Amino acid sequence: VSVSSIAMLPGPRPEPAKSAAPKQEPSVASESASLKRQLKAARLQTREALERQTATADILKVIASSPSDLQPVFNAVVLTARRLLRREMAFILLCGDDATFRPVAITGAEGLVQILNPTPIPIDPEANFPSRAIVSKTNQQFPDWSVIDLPDEERKIREMYGLSSALYLPMLRGGECIGVL
């Protein structure tokens, strides 16, 4: 029986071979990325659905606790809308029987805001943006007020509240617009 010996030379020792992670085939990597995107989208949908359910429950609690006083309900709706729509401000404009609308609840980033002008405003699509949503019964979006010619009423709103864009959502009951969110 013979034993061989290997002489060790001075200097750094060689690193042991590392096992490399198996290289994924392009189709596997692509499928993995697609599944990750789908999972992320599903988680987002689940979170948003939970937020909506929580908001609905919160508003229903307010309705149950104040069946004859609508102001707490309006306040809860605008606070919830601002949060869910991720907006700086939200408001409810209620239509009157006399072809006017008026603000009944406003919220900003810090919470409820005092209504600076509670005077009813005539419904006139040429004079103000909420009227366009009321008359058309469709959502109206104005993303950048600096690039459009603002009606006088909207200039006042911009000065009072510092708005530079808006989304108006008509609230419909029996096919008629009863207000705007």
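**View A. The lining of the largest cavity is made up of 13 nonpolar, 1 polar and 2 charged residues.** The model is a predicted one, in which local features need pLDDT of at least 70 and side-chain atom pairs count only at pLDDT 80 or more, whereas totals for chains, interfaces and linings use all residues. Residues are numbered from 1 along each chain as its sequence is written, and side-chain values use heavy atoms, with hydrogens and water left out. In the class counts, Ala, Val, Leu, Ile, Met, Phe, Trp, Tyr, Cys and Pro are taken as nonpolar, Asp, Glu, Lys and Arg as charged, and the others, including Gly, as polar. A search of the whole structure returns 1 cavity of 30 Å³ or more, and the largest cavity has a volume of about 230 Å³. Of the 16 residues that line the largest cavity, Phe-91, Leu-93, Pro-103, Ile-157 and Tyr-161 lie nearest its centre. The elements giving two or more residues to this lining are E1, strand E2 (100-108) and helix H4 (152-161), and the largest share, 5 residues, comes from H4. Helices (H or I, at least four residues) and strands (E, at least two) are DSSP runs numbered from the N terminus. On a 1 Å grid over the protein atoms alone, a cavity is a set of points where a 1.4 Å probe fits but cannot get out, while a pocket is an open set with protein on both sides within 12 Å along at least five of seven lines; lining residues have an atom within 4 Å of a point. Grid points are joined across faces, edges and corners, and a volume is the space filled by probe spheres set on the points.

**View B. The largest pocket has a volume of about 450 Å³.** Its lining consists of 21 residues, of which Arg-87, Glu-88, Met-89, Ser-165 and Ala-166 lie nearest the centre of the pocket. E1, E5 and E6 are the elements that give two or more residues to this lining, which divides by class into 14 nonpolar, 5 polar and 2 charged residues.

**View C. The second largest pocket, with a volume of about 180 Å³, draws on helix and strand elements.** Among the residues that line the second largest pocket are Phe-74, Val-77, Ile-92, Leu-94 and Cys-95, together with Met-171, Arg-173, Cys-177 and Ile-178. Two or more lining residues are given by each of H2, E1, strand E7 (170-173) and E8, and the largest share, 3 residues, comes from E1. The lining of the second largest pocket divides into 8 nonpolar, 1 polar and 2 charged residues.

**View D. The largest nonpolar core has 19 residues.** Phe-129, Ile-134, Trp-145, Tyr-168 and Val-180 are the residues with the most contacts inside the largest core, and the elements that give two or more residues to this core are E1, E2, H3, strand E6 (166-168) and strand E8 (176-180). Apart from it lies another core, of 9 residues, among them Phe-74, Ala-81, Ile-92 and Ala-105. A nonpolar core is a set of buried Ala, Val, Leu, Ile, Met, Phe, Trp, Tyr and Cys residues joined through side-chain atoms within 4.5 Å; buried means under 20% relative accessible area, exposed over 50%, and partly exposed in between (1.4 Å probe, protein chains only). Leaving aside neighbours within four places in sequence, Tyr-168 is in contact (heavy atoms within 4.5 Å) with residues including Phe-91, Phe-129, Ala-133, Trp-145, Glu-154 and Val-180. Within H3, Phe-129, Pro-130, Ser-131, Ala-133 and Ile-134 are buried.

**View E. Arg-86 and Lys-137 each have a positive phi although neither is a glycine.** Most residues other than glycine have a negative phi. Arg-86, with a phi of about 55°, lies in the loop between helix H2 (71-85) and strand E1 (90-95) and is partly exposed, with a relative accessible area of 48%. Lys-137, with a phi of about 60°, is found in the loop between helix H3 (129-136) and strand E5 (140-142); Lys-137 is partly exposed, with a relative accessible area of 34%.

**View F. Asn-75 is a buried residue of helix H2.** The relative accessible area of Asn-75 is 18%, and, not counting residues up to four places away in sequence, Asn-75 touches Ala-105 and Leu-112.
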